[in-house]
Amino acid sequence: MSKLNPRTKHKEFNGIVGSSAITIFLPLILEIFQLVCNPSYSTKGLSIDIHAILNQLPSNFEQWYDLAFDQTVWKVYLIWFFGLAILGQILPGKQLEGTELRDGTKLKYTINGISMSIALVVLLLARAFQVKDFQLPELQFIYDHQLQLTITCIIFSFVLAIFVYVYSFVPLANPNGLGTKEKILSVNGNTGNVFYDWFIGRELNPRIGTWDIKLFCELRPGMLLWFLINLSCVHQQYHLKGYVTDSMILVNLLQALYLFDGVLNEAGCLSMIDTTTDGFGFMLAFGDLAWVPWSYSLQSRYLAIPGNEITLGWFYFTAILLLQFVGFYIFRSANQQKSDFKNGKLNHLKSIKTQTGSNLLVDGWWGISQHINYLGDWLIGWSWCLPTGFQTPLTYFYVVYFASLLIHRQIRDDLKCQSKYGKDWEKYKQLVPYKIIPYIY
Ligand code: NDP
């Protein structure tokens, strides 16, 4: 094994068992969501009628095949995915460098989330004013093909994960044109087990030319599709009922704010664990391309079903809006504080010197808990679920799932920092004992 890419000894997610369970069950959960967010299914109360869900499923292979390989849906999805990839390559943006890699190099990224978002919004507005009574066939298409699109996104993420796995074995051409050099693999994805490495991601930053597949998937096709799915629900409610409820407006507004914040501040992604440490495999491909759009849009899809309309009134509307702002403030300012600190600003804040040469903040947000930014993110999640009222626990899936994701992430990060900072990390944990929620966890 090369020095650059040591063998990965530890398998995360409980190894093969856990990663197989995720690979099988998470796609199934997405399909169940779709079948439950359906006018022919009543989702009030605690019980979920499995028979009613199963009755909606195709009964033979041919029907399954038609659902999974609907030609129009595939064409639309491929145009969406590769159209965004091409736009990302040609739209103007800033050139930034990522963190230093194990071979001492730094990758260059074109950060053009702003021009990308403007292009999408301008296109949408132009279409909306071109058609009669805001009747957009594109949004109706998304609403009417939710199950087919969900399955397409799932299959596509399987295929993309296979592609990047195989591609990770293709050596890189040397920039000086002489021969090839070894690719940098993820420290977590080089176990030698084909399934596990495919799942967790073998190569750290798969790229075709300057197209960075990981950063692209993280912020573009899935996040922007989530925005369009939400809009398609507003569209559906408006054209079916003739009005749009305040709960639907609120969910759309809050989620659009969050997702555009991610797309517009994509430079922040360059220092996230996903970019610096995780490889790009099935877990991220599926998470970015299928899970984010089809599970994060659950609240809008639920509210779009006739009979599930909820009117919040000004009091609850404002209270939920405030909750999002509090969450957002914690989330953004904590992330910003860490990033500023790492960039040499905020030297007046208390920190501990570590043997690696970099310092750990023990002041400001980072003196309150080890991941106060996760708490802010979780509060934002609550503000998305509360507009759906208390008719079903299903729409609260996000906060439960997200809590487990954040706790798992905190545990992974703890292990990472323990091995990176050793005794200094122990000292940090003594000074900042709470992991996410002060005085609770
Ligand atoms: P953090 O932003 O908490 O980053 C953790 C890293 O920061 C550590 O590995 C360490 O890296 C460094 N660090 C930790 N503590 C300190 C300190 N006290 N002083 C200086 N550096 C420190 O985690 P993530 O990258 O997981 O999350 C980033 C954001 O993304 C969060 O706000 C999170 O909520 C959000 N997120 C959202 C998701 C979603 O699906 N909506 C999914 C995942 C994350 P180093 O080695 O550089 O020192």
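Student: Is Leu415 buried or exposed?

Tutor: In this predicted model, Leu415 counts as exposed, because its relative accessibility is 54% and the exposed class begins over 50%. Leu415 is found in helix H17.

Student: Which residues form a nonpolar patch on the surface with Leu415?

Tutor: The patch consists of Ile407, Ile411, Leu415, Tyr439, Ile440 and Tyr441. Together these residues have about 660 Å² of accessible area. Tyr439 is itself exposed, with a relative accessible area of 71%, and lies in the segment after helix H18, which covers 423–431.

Student: What is to be noted about the phi angle of Tyr439?

Tutor: Phi of Tyr439 is near 65 degrees, a positive value in a residue other than glycine. Leu346 also has a positive phi, near 55 degrees. The place of Leu346 is in the loop between H15 and strand S7 (351–353). Leu346 is partly exposed, with a relative accessible area of 25%.

Student: Let us turn to charge. Which residues gather in a patch of positive charge on the surface?

Tutor: They are Lys338, Lys342, Lys416 and Lys420. Two elements each give two or more residues to this positive patch, namely helix H15 (313–342) and helix H17 (397–421). Lys416 has its place in helix H17, and a relative accessible area of 33% makes Lys416 partly exposed.

Student: How should I read a salt bridge, and how many does the structure hold?

Tutor: The general idea is that side chains of opposite charge can pair when their charged atoms come close. The cut-off used here is a side-chain nitrogen of Lys or Arg within 4 Å of a carboxyl oxygen of Asp or Glu. The structure holds 11 salt bridges. In one of them, the side chains of Asp212 and Arg207 meet at 2.8 Å, N to O.

Student: Are Asp212 and Arg207 buried or exposed?

Tutor: Asp212 is buried, with a relative accessible area of 7%. Arg207 is likewise buried, at 14%. The reasoning rests on the limit for burial, which is under 20% relative accessible area.

Student: Which residue forms a salt bridge with Lys241?

Tutor: The partner of Lys241 is Glu309, and the closest N and O atoms are 3.6 Å apart. This pair links distant parts of the chain, for Lys241 lies in helix H10 (residues 221–241) and Glu309 in the loop between helix H14 (298–303) and H15, 68 residues apart. Lys241 is partly exposed at 35% relative accessible area, and Glu309 counts as partly exposed at 21%.

Student: What is the N to O distance in the salt bridge of Lys345 and Asp340?

Tutor: The distance is 3.8 Å. Lys345 is partly exposed, with a relative accessible area of 48%, whereas Asp340 counts as buried at 15% relative accessibility.

Student: Which residues are linked in a network of salt bridges?

Tutor: Glu12, Asp278 and Arg412 are linked in such a network.

Student: Aromatic rings are another feature. How many aromatic pairs does a search of the whole structure find?

Tutor: The search finds 51 aromatic pairs. In one of these, the rings of Phe129 and Phe134 have their centres 5.9 Å apart and their planes at 75 degrees, so the pair is edge-to-face. The step from angle to name uses a limit: planes over 60 degrees apart count as edge-to-face. Phe129 counts as exposed at 64% relative accessibility, while Phe134 is partly exposed, with a relative accessible area of 42%.

Student: How are the rings of Phe158 and Phe282 arranged?

Tutor: Their centres are 4.5 Å apart and their planes stand at 45 degrees, so this pair is tilted. Distant parts of the chain are linked by the pair: Phe158 is in helix H7 (residues 146–167) and Phe282 in helix H13 (residues 282–296), 124 residues apart. Phe158 is partly exposed, with a relative accessible area of 26%, whereas Phe282 counts as buried at 1% relative accessibility.

Student: Finally, where is Gly376 found, and how far apart in space are Gly376 and Ala334?

Tutor: Gly376 is found in helix H16 (residues 372–385) and counts as buried, at 0% relative accessibility. Gly376 and Ala334 are 42 residues apart in sequence, and their C-alpha atoms are 8.8 Å apart in space.

Definitions and conventions: Residues numbered from 1 in each chain as written. Predicted model: local features only at pLDDT ≥ 70, side-chain atom pairs only at ≥ 80, totals over all residues. Heavy atoms only, no water. Patch = residues over 30% accessible without salt bridge, like charges linked within 9 Å, V, L, I, M, F, W, Y side chains within 5 Å. Areas by Shrake-Rupley, 256 points an atom, 1.4 Å probe, with all protein chains shown as cover. Lys, Arg positive; Asp, Glu negative; His and termini not counted. Charge placed at Lys NZ, Arg CZ, Asp CG, Glu CD. Helix = DSSP H or I, 4+ residues; strand = E, 2+ residues; numbered from the N terminus. Buried < 20%, exposed > 50% of the residue type's maximum accessible area, 1.4 Å probe, protein only. Phe/Tyr/Trp six-rings, centres within 6.5 Å; stacked < 30°, edge-to-face > 60°.
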